[in-house]
Amino acid sequence: MWGEPNETVVNRVQVLNEAGKLVSTYPEIHDEELLGLYKWMVQARTFDQRALKLQRQGRIGTYAPMIGQEAAQVGSAYALKEQDWIYPSYREVGASLVHGVSMENFFLYTMGNLLGGTSAQNANVFPVQIIIGAQCLHAVGGAWAAKLQHENSVSVAYIGDGGTSQGDFHEALNFAGVYKLPVVFFVQNNQWAISVPRSKQTASNTIAQKAAAYGITGVQVDGNDVLAVYSTMQEALKRAREGKPVLVEAVTYRQGPHTTADDPTKYRENTEVEAWLEKDPLKRMKAFMIDRNIWDEELDQREFEIANENVSKAFKRAENTPSSKTEEVFDFVFEQKPKHLKEQQSSLGTEGVLK
Ligand SMILES: Cc1ncc(C[n+]2csc(CCOP(=O)(O)OP(=O)(O)O)c2C)c(N)n1
Ligand SMILES: [Mg+2]
């Protein structure tokens, strides 16, 4: 199932099929982990659906929904150790929550509050990156620093299928291969880059095979199968920790719009969306857990209620947080503020409030 560096053959890893039935050897995953993975997927979806509604009500700003990508995000982040780092794009709320970012903090980010998405979030998750691909270079830089300082941490860059066409992505893979860095590039191939389909993104059969050109290992996984993602990521992290970088391509689907500013009905067929809904990540995991006698409909309903209550509490706290002030924009850039920024900051006065 795992290729060696420089190999171009890539097999897709799958543990559960669309109906939630086992299709390969069961990885060593305990029942508590199954429950943990599923509960995080429920929490991520619940947050996502509420965020969409809150944006429509004008209570938060632009939001990039991750519905459909819960298995890819939760399964990958669940495999991390506390000391590992996530370098996210703008669609990584699921992975970020699992690795310690609070929902309140994520809401603050969407409300334009400087406390959201800064080092103040107190988790090993970099601030949200909007520049497509740039986080791959940051992850490589972080991994290089970790290696030089003999830290036992892995950097994980989350990027989309569209992002793999950026130079930054290729430069990062090249550097990681040459310097044997503890880094994993986790590509969520959700089939779309705004309105550009995967077929127009690259002529390669897979995105995973691009790893071969850089002398690192590439692996493709069913990104809607949380058990496949989790076990694949465990192996990827193990290798990365030994200085063998890995490129993981999680094949998944963006069920919603690119962001709340997008209307996907303008460029994609409903039949395509419906076909992917059959492969929904929560649906298949729930079926598997019910078959295993560790879950039922009542527990499921209760779990969604708990998750919804958590979201409500987090949003209330975020709404009650005072807005950021203009002069605070200088506070989160440098650990020690340079003189010229101090001057600019003091020249602003205190009247400005960021909207
Ligand atoms: C360097 C750069 N170019 C263009 C954009 C505009 N842009 C924002 S999202 C996006 C598509 C990215 O698609 P993909 O990498 O597949 O990630 P997804 O949105 O599907 O998660 C583009 C082109 C940008 N933010 N940065
Ligand atoms: Mg995409």
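1. An oxygen atom of ligand 1 is placed 3.4 Å from an N or O atom in the side chain of His258, which falls within the limit for a polar contact (a pair of N or O atoms within 3.5 Å; within protein, one must be able to donate a hydrogen and the other to accept it, and residues adjacent in sequence count only if both atoms are side-chain atoms). Taken alone, ligand 1 exposes 580 Å², of which the protein buries 70%; accessible areas come from the Shrake-Rupley method with a 1.4 Å probe, and for residues only the protein chains shown count as cover.

2. This is a predicted model, in which local features need pLDDT of at least 70 and side-chain atom pairs count only at pLDDT 80 or more, whereas totals for chains, interfaces and linings use all residues. Residues are numbered from 1 along each chain as its sequence is written, chains are lettered from A and ligands numbered from 1 in the order in which they are written, and side-chain values use heavy atoms, with hydrogens and water left out.

3. Two further side chains approach oxygen atoms of the ligand. For Tyr90, a polar side-chain atom lies 2.6 Å from an oxygen atom of ligand 1. For Arg91, the separation between a side-chain N or O atom and a ligand oxygen is 2.8 Å.

4. Which residues are closest to ligand 1? They are Tyr90, Arg91, Asp161, Gly162 and Gly163, within a surrounding set of 15 residues (a residue is near a molecule if one of its heavy atoms lies within 4 Å of it). By class, this shell holds seven nonpolar, six polar and two charged residues; Ala, Val, Leu, Ile, Met, Phe, Trp, Tyr, Cys and Pro count as nonpolar, Asp, Glu, Lys and Arg as charged, and the others, Gly among them, as polar.

5. Strand S7 (residues 217-222) contains Asp222. (Helices are DSSP runs of H or I with at least four residues, strands runs of E with at least two, numbered from the N terminus.) Asp222 counts as buried because its relative accessibility is 9%, where buried means under 20% relative accessible area, exposed over 50%, and partly exposed in between (1.4 Å probe, protein chains only). Its side chain forms a polar contact of 2.8 Å with that of Gln14.

6. Val13 belongs to strand S1 (residues 12-13) and is buried, with a relative accessible area of 7%.

7. Helix H2 (residues 70-78) is mostly covered, with eight of its nine residues buried. Among them are Glu70, Gln73 and Ser76.

8. Most residues other than glycine have a negative phi. His150, however, has a positive phi near 55°; His150 lies in the loop between helix H5 (134-148) and strand S3 (155-160) and is exposed, at 74% relative accessible area. Ile194 likewise has a positive phi, near 50°; Ile194 is in the loop between strand S5 (192-193) and S6 and is partly exposed, at 42%.
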